[in-house]
Structure formats: structure tokens, C-alpha cells
Amino acid sequence: MAPIATETQPETALPSVQDLKISNNANGNKDTVQPAKKKLQWFSETGLPKSAYPYEHLLPSFDRDVTYGTLEPFEHVDPGHAAKEHSDPRAFLAEADIDLLTPDFGSEVSGVQLHKLDAAGRQQLALYVSQRGVVAFRDQDFIDQDPSWQVNDWGSFFGRNHIHPTSGQPKGYPELHLVYRAWGEDPGDGLDKRSGSSSAPPGRVSSVGWHSDVSYELQPPGLTALWLYDSPTSGGDTAYVDARAAYNRLSPSFQAYLETLHVVHSGHEQANFSRERGADPKLTAYAHVRREPVKNIHPLVRRHPVTGEKALYVNRVFSRKIVELKDEESAALLELLYQIIERGLDFQVRVRWRPRTVVLWDNRITAHSALADFDGVPGSRRHGARVTPQAERPFL
């Protein structure tokens, strides 16, 4: 399979002065001249024609003849449990270069190839992501692997792969949830072609939508992986927030009260939105509901099965009502919690996408939002895939 990024080469065999870097020998003397590493490019930066795009077969499709039945419950055991018994639970990071995005939340890691991790390494990875919340792994050849490996070998190790009820998917790989937004292609320009949504919904000035993926499922996702095939040169970052910190900042008496509450999470609005888009002749190709929507009730505060940490489990996209409260009370309390999560800049991080990056996060203790700040830039495209293994039913 073709690589995600293309390296530009100098026209002459001799590197220019700007392309050289000096390295120290064992004695510390600067005497070795090496070519500098070329910056990797997104496909959209190469100037190559669209016909040369190596990930054409992984563009979103909506087969309107495909439907799925109800998801059945299953038993889930998080791989991170086993890592706690290892003599060195972070052995997989022994050769890694780690940059902590904040002291308690978010990391960038280089020097580890995810696709080469054995079972023990994957167990340690699951534990590490549950501790850091979100981890960006740079310079990965993960994207070069066959999609069947990404789904059946990688994704299945961490849980049951979720098939999204409404999003676009590449033909033959329904477990890959695609992200796709592009300008300058067809009448659907400016739409998120997973579901047909526009960058900024009517009446809003921002497309930011903090959420935990498909929290309306009975068993929502745990460790989740996302990578991009193509991206704008700038923009299109993903923001993450630590829902553990959002809970920990609250006063003990308020925490105790919240722990008595439960929240309805609904996928009906998402399905209805997709059906409305499907009724528009211009957007029919970008909308389809494959599985009937569901609602499920989860604790407002959930506990992580491996670390035991507590986190707020509400999000503006899918949470609808607090079961124990009247409508007005529920709306007011949910709004307060949304604002705590959304405004907590001191427990948020922003991941900058670069070619060959794979971002892993734990959907149980985080929320995130894609940033569509490149909309309107001619020729810009953000195309990626997510593997979303389901985990246990939320509990406290």
C-alpha cells in the first residue's frame, strides 16, 4: 500500500547548504555532515493530480441497501488490566521519545511503531492511554498496513469494533469510521461527508462540538485510534479535554450529588439529521441510516475499569436529560457541566496533525472536537479513518 506522505527530493544529487545538518561524533567534535531529514508532506501539498491519490479506495461511501440489526451486549475485559501485572508496565516506551503536552494530560510519542507491538506491548499501551487520556504517536507506518489488519488485528484486540450507524465508510471495511471534509469538489462541498453536516450549523458561529464518540450505545468505546490520509497544510487540529480533571475540580459535596444522577444519551437526533440530509437530492449520496437509533442511560459520573479514576460522562452532542431531575433542573445542570468541560482550557490539549500520525485516546475519560478552521480554503481536504472498539457498559 502506498505511504501516507510524499517526500520531495532535490533536483540535484548534491544537497544544498540549507539541506545539511552537523552531528557530533563520539568525542563531541562537529565533523560529520548528513543530509537533513525532509519534511513529510500531505498528498494535497504535493501538487499531484487527484487521480494519483493513493487512498481513493478509502473514500466514504453510503450504500443505501445496507442495514444492520441491534447491537447485542458482550463481555469486555480491558487489556490494560494485564499490564498492571507486568514488571514494567511502560516497557513498550523504553526506546521512545516522550513529550508531555501537559503534566497530567496528553502525550506525544516517537520511537514506537504501533503495528509492531506484541500482546504485552498493546496491553501496556492500553494502560498508558488510560493514564494520559490522549497520546499522539508520530512517524507511524500504521497507515501502510492493510485495512483488514487495522480492523481485525488491531481494533479487535481492544474490544468489539463498532460500526457507525450513519457515517460514511470505505467499501469493504464498514468498521472504519471515516472523517472527510473537502472544498472544491462537488455540490456537497463544505459538508462533513460522514453525515452531511455543515462546518457551522445554522445559528452558530462555531463548528466546535465536544463529545465522546457514540456515547448513546449501551457499551460505548474505550481505546480509540484515528489517523489521517490527507489534511490541509494548517488547520484541522483535534482538541481534547480531560473529563477526569473536570470532575476533580468540583467541590466534594457537588461531586457526591452528581454521583447519584444518570443521563439519557440519544442517537435519534443524529439519525434524524442524516435522514433529513438524505431527503435532499443534492445530499442523498452523503446520508444513510444503517441501524435504527437507540437511547441508553449512563451514570453522570463513570469510573474507569483499570485506573479506578472518575470522570464526568456528559456531552452536548448526545446527552439529553438527567433522569432524576425535572426538565428545567436538568437543562440548567447539564449546561453548567458542559461549560465546565468546554471552558477548561487548563485541562485541554490541541493535537496538531502531521503526516503519519496516529492519535489514540480513551473515550471513557475524555471528550474531543474536530476543528473545521480550514473551511472555505480552496482545495483543502481532511480525510482520515477511526477504529472504535467498544468497551464495558459505563458504571460507577
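This note sets out points on the helix, sheet, salt bridges and backbone of the structure above.

1. Basis of the note. The model is predicted, so local features need pLDDT of at least 70 and side-chain atom pairs count only at pLDDT 80 or more, while totals for chains, interfaces and linings use all residues. Residues are numbered from 1 along each chain as its sequence is written, and side-chain values use heavy atoms, with hydrogens and water left out.

2. Helix α4. Helices (H or I, at least four residues) and strands (E, at least two) are DSSP runs, numbered from the N terminus. Helix α4 covers residues 147–158, and its 12 residues should span 16 Å at 1.5 Å a residue; the expected span is 1.5 Å times one less than the number of residues. The end C-alpha atoms are 16 Å apart, which agrees. Just after α4, G159 has a positive phi of about 155°.

3. The buried residues of α4. A residue is buried under 20% relative accessible area, exposed over 50% and partly exposed in between (1.4 Å probe, protein chains only). In α4 the buried residues are P147, W149, Q150, V151, W154, G155 and F158. These buried residues pack against α3 (119–132), β6 (160–161), β10, β18, β20 (381–387) and β21 (389–390), where contact means heavy atoms within 4.5 Å.

4. Strands of a sheet pair through backbone hydrogen bonds, either parallel or antiparallel. Here, three strands form an open, antiparallel sheet in the order β17-β11-β19. Its edge strands, β17 and β19, each pair on one side only. Direction ignored, neighbouring strands of this sheet are turned by 20° against each other on average; the axes are lines fitted to C-alpha atoms, for helices over the stretch in contact, and angles run from 0 to 180 degrees between N-to-C directions.

5. The pairing of β11 with β19. Two strands pair if DSSP finds at least two bridges between them. Strand β11 (residues 238–242) pairs with β19 in the antiparallel sense over five bridges, and A239 stands opposite S369 in β19.

6. A salt bridge is a side-chain nitrogen of Lys or Arg within 4 Å of a carboxyl oxygen of Asp or Glu. The whole structure holds 21 salt bridges. One of them joins the side chains of D242 and R244 at 2.9 Å, N to O. D242 is buried, with a relative accessible area of 4%, and R244 is buried at 4% relative accessibility.

7. Salt bridges between distant parts of the chain. E292 and R275 meet in a salt bridge of 3.0 Å, N to O. The pair is 17 residues apart, with E292 in the loop between α7 (268–278) and β13 (295–299) and R275 in helix α7. E292 counts as exposed at 55% relative accessibility, whereas R275 is partly exposed at 37%. D373 forms a salt bridge with R350, the closest N and O atoms being 3.2 Å apart. This pair is 23 residues apart: D373 lies in the loop between β19 (366–370) and β20, and R350 in strand β17. D373 is partly exposed, with a relative accessible area of 45%, and R350 is partly exposed at 49%.

8. A salt-bridge network. D78, R302, D362, R364 and E392 are linked in a network of salt bridges.

9. V214 has a positive phi near 35° and lies in the loop between β9 (197–198) and β10 (223–230). V214 counts as buried, at 3% relative accessibility. R356 has a positive phi near 70°, and its place is in the loop between β17 (348–351) and β18 (358–362). R356 is buried, with a relative accessible area of 14%.
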